[in-house]
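The following exercises are to be worked with the sequence and the structure at hand. Each task is followed by a solution in steps.

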Amino acid sequence: MTGYLFLALIVFSVASFMFGRSLARRKAASQGVRGHSLPAFSGWFVAIWSFIPAALILFVLVVFGGRVENAIVQSDVPAAVQQLPELNQGLFFQDVRATVNGGMASTTVYDGELKAAFDHKVAQAKSVDNTITLGAYALTFILALAGAAFAYSRVSPQFRARNSVERWVSAFLVACSVVAILTTLGIILSLLWESLRFFQSVSPLDFLFGTHWSPQIAMRADQVGSSGGFGAVPLFVGTFLIMIIAMCVAAPVGLYSAIYLSEYASPFMRAWIKPVLEILAGVPTVVYGFFAALVVGPSFREFFNWLGAFMPGTPMGEYLMNVQNQMALVAGVVMGIMLIPFVSSLSDDIINSVPQSLRDGSLAMGATRSETIKKVVLPAALPGISGAMLLAVSRAVGETMIVTMAAGLQAKTTLNPLDTVTTVTVQIVTLLTGDQEFDSPKTLAAFGLGLTLFAVTLALNLIAQRIVQKYQEQYD
Amino acid sequence: MTDSAQSSLAETRAAAQPDLKTRVAKRLKSRHAAELRFRAYGILAVSIAVLFLGILLERIIHQGYTAFVTHSITTEVYLDPNRIDPTDIMGANYDQMITEQVMAKMGVNDDEYGTTSGEYKEILSPDLGFKALEALRDNPKLLGQKISLTSPIAANADLYYKGEITRDIVEADRNVSDQQMVWMDALKTKGLVTSHFNTYLFTNTDSTQPELAGLLGAIMGSAMMLLVTAVLAIPIGVGAALFLEEFAPKNRWTALIEVNINNLAAVPSIVYGLLGLAVFINWLGMPRSSPLVGGVVLSLMALPTVIIATRSSLRAVPPSIREAALGIGASKTQAVFHHVLPLAMPGIMTGTIISLAHALGETAPLLMIGMISFVPGLPESVTSAASVLPVQIFIWENASERAFHERTAAAIIVLLVFMIIMNLAAILLRRRFERRW
């Protein structure tokens, strides 16, 4: 229904545009003058006034209507429902909503007083829903007409329609840029808000410096292991380990291929290699995850088991015989492959922005090309390259799918690449993809981890961008 | 004195020269060797990158191509009135009835406990029973008649026909017994089972039965989500870029917005998922695992890249265009919207398509907004639960049945084909319309 109303509004605005334009033409012709603005601007002016206020009301209805309705329905809780435990109260209102909106209600059967309360609430919710929806529709209708009438009355050859329309256009463009700010604010506020709720049950110090991670909280307080452990150090160590392995693969391969491509390769070769790297960069991470879990994991395990078979009896051999698919090495190496094109294209840009005069000077002194690169180009590009590496580190820390599919779930504090470790992102996914009540510390812990992840990557990005910017200014 | 001094100098030179020469020659040799080594490292690095891509694609195609061929069984089914109660057509055991008919046709006798027919049933698909029921429900007059049914054969049987389950494996380690293999060979020689292109993969939605599982639901879900992303990200991104590049005064606020956009481009995707979960689902109450929420989250994610691409193509339009428009009396807005924006459009489209292709492959934020649930049907609208291609890959990868592995790889191939098409479109656009000033 709302959709049709929106379509009708669009049609109405198009009609307003036509009317506004022809009115401006007619008025100008009858007064025998040229208007200040082209007639189309008057059309736009009328169309904007008939569309925007009305569309805003519809938008508010769609986004906030449900919340207002819930707030009204839940403002007075029936006595029978008040006696229920808090969890079931939530379920009760969820079922009311589901019944009204035609969704799937839970299988809970309400009888006796609860049945009466349920029916009462459903009726109330229906009437509130109707009032809000009809009210909003009526308001939309009135605003569209009123806006059109107001704008229509202003149309005249003297009216500065163009300036007015252009103010609307700039307002729209500003609003678009504000979306970027709002996104950042939304990320920070939502992470902070949920993390604060998490830190009410777990102290931030225990979270950041605790060494025991087992978020499996029991359903009832009297069960074994009812207090989960929320010490995130094992996750940080695991993330760090996988990131280091990934950088050990990505940094040399990415940097050397960037050097080769920008300093040695013929244009023909560049034309072939660049697209290959771009394809590698475009492969979705879930594909890398599949590759890690089903190809790299088993072959690495077989290799180490084979290696272990050469040292029978020794503890080392025993250990190698028993390594699993999900070692940190697998996730790290595949993540490193994923990062190669990223490192390479960033380094390529930076090496290319080193002034040619530096190279020419060095070559003229009789240095070979590799000496020029090692002693002149790379030192000059070093700040930029270190910035690029930091960006790659931030990518590795935040990467999710590869580790979710190829790394394990065991939270171990180890730096052994053949052991299974878990990372911050894996735990966020695990904590949030189960079926649990949203407000449990278990799900809120994911936001605590998310906040840590965001803070770390933000710091890395800010430093890296600062370095790269400084570097670019140096040669501009 | 001078003569002797000169001659002695010349002598020392002569004595030193061969020494210096050999030293220089030696050093030059090692320097050139270093040069060669350095160049070799470069070639090695590039080959490693290319090799990785090669292995990646080879393994995926190797594992996935078999899923594009499947085996179907076609058989005459007698809708036996003795076994189907016309008043309760749902109650009959169609699978058993069809299995016994196929066995009779193949000359296999059932034992008294029905274990033989039970084993035989495993190599046929339950889809045959559903199809018989459906046919009967559409047309109850078919009762007592023979109809011809075609359906995909059970996943394990399919793997046997493709040679992925062989007799070399110990019988206990495979899902197909020796007896079943004999029956399957007989079915094939009798011509009941045929192999053909796996259309089910593109016409079916997700299912718990690997032989019936298809990608149509995921493709539709991805298309809807991408539509939402495009509708939101393109206008907002282009608008923001126009403001920052053409209109914004250079002050602290616009500098802040700029730093902000650069940072947003580097925020891990999973954080966007957390944002979507906290704001769109928990706070605004939008429906979980719907293409709408997915599209909104992905559009926020794609926004920085769209803005950055748009800004760079706006910057590539020479100032003379703007000055000429302003010079003949256009307003700033007219100059931008009538002249600069159309000229920058090919670049903008290229950047946008590439960032949409990235959004198509994105998985992590979608897991956060609950898209991991099993969705057996087609999504009806942008607000109903749906699955999307990358998440479908993730779900299938976690499935234990072996037949899902090849389907996972096949789904990856489909996803990569879509992404390659989008990237090719972007490249073609760039080639066709790019102007160098």
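**Exercise 1: A helix pair in chain B**

In this predicted model, Tyr94(B), Asp95(B) and Ile98(B) of H2(B) meet Pro126(B), Leu128(B), Gly129(B), Ala132(B) and Leu133(B) of H4(B). Task: classify the residues of this contact, then describe how the two helices are oriented.

Solution. 
1. The contact of H2(B) with H4(B) comprises six nonpolar residues, one polar residue and one charged residue.
2. Two packed helices are described by the angle between their axes and by the distance between those axes.
3. For helix H2 (residues 94-106) of chain B and helix H4 (residues 126-138) of chain B, the axes come within 8 Å and cross at roughly 110 degrees.
4. Angles of 65 to 115 degrees count as roughly perpendicular; H2(B) and H4(B) are therefore roughly perpendicular to each other.

**Exercise 2: Domains of the two chains**

Task: state the domain bounds of chain B and of chain A, with the separation of the domain centres in each chain.

Solution. 
1. Chain B is split into domain 1 (69-197) and domain 2 (216-433), and their C-alpha centres lie 46 Å apart.
2. Chain A is assigned domain 1 (2-159) and domain 2 (229-475), with 49 Å between their C-alpha centres.

Notes:
Residues are numbered from 1 along each chain as its sequence is written. Chains are lettered from A and ligands numbered from 1 in the order in which they are written. This is a predicted model: local features need pLDDT of at least 70, side-chain atom pairs count only at pLDDT 80 or more; totals for chains, interfaces and linings use all residues. Domain bounds come from an automatic or database domain assignment. Axes are lines fitted to C-alpha atoms, for helices over the stretch in contact, and angles run from 0 to 180 degrees between N-to-C directions. Helices (H or I, at least four residues) and strands (E, at least two) are DSSP runs, numbered from the N terminus. Angles under 35 degrees count as roughly parallel, over 145 as roughly antiparallel, 65 to 115 as roughly perpendicular and the rest as oblique. Two residues are in contact if their C-beta atoms, placed from the backbone, lie within 7 Å. Ala, Val, Leu, Ile, Met, Phe, Trp, Tyr, Cys and Pro count as nonpolar, Asp, Glu, Lys and Arg as charged, and the others, Gly among them, as polar.
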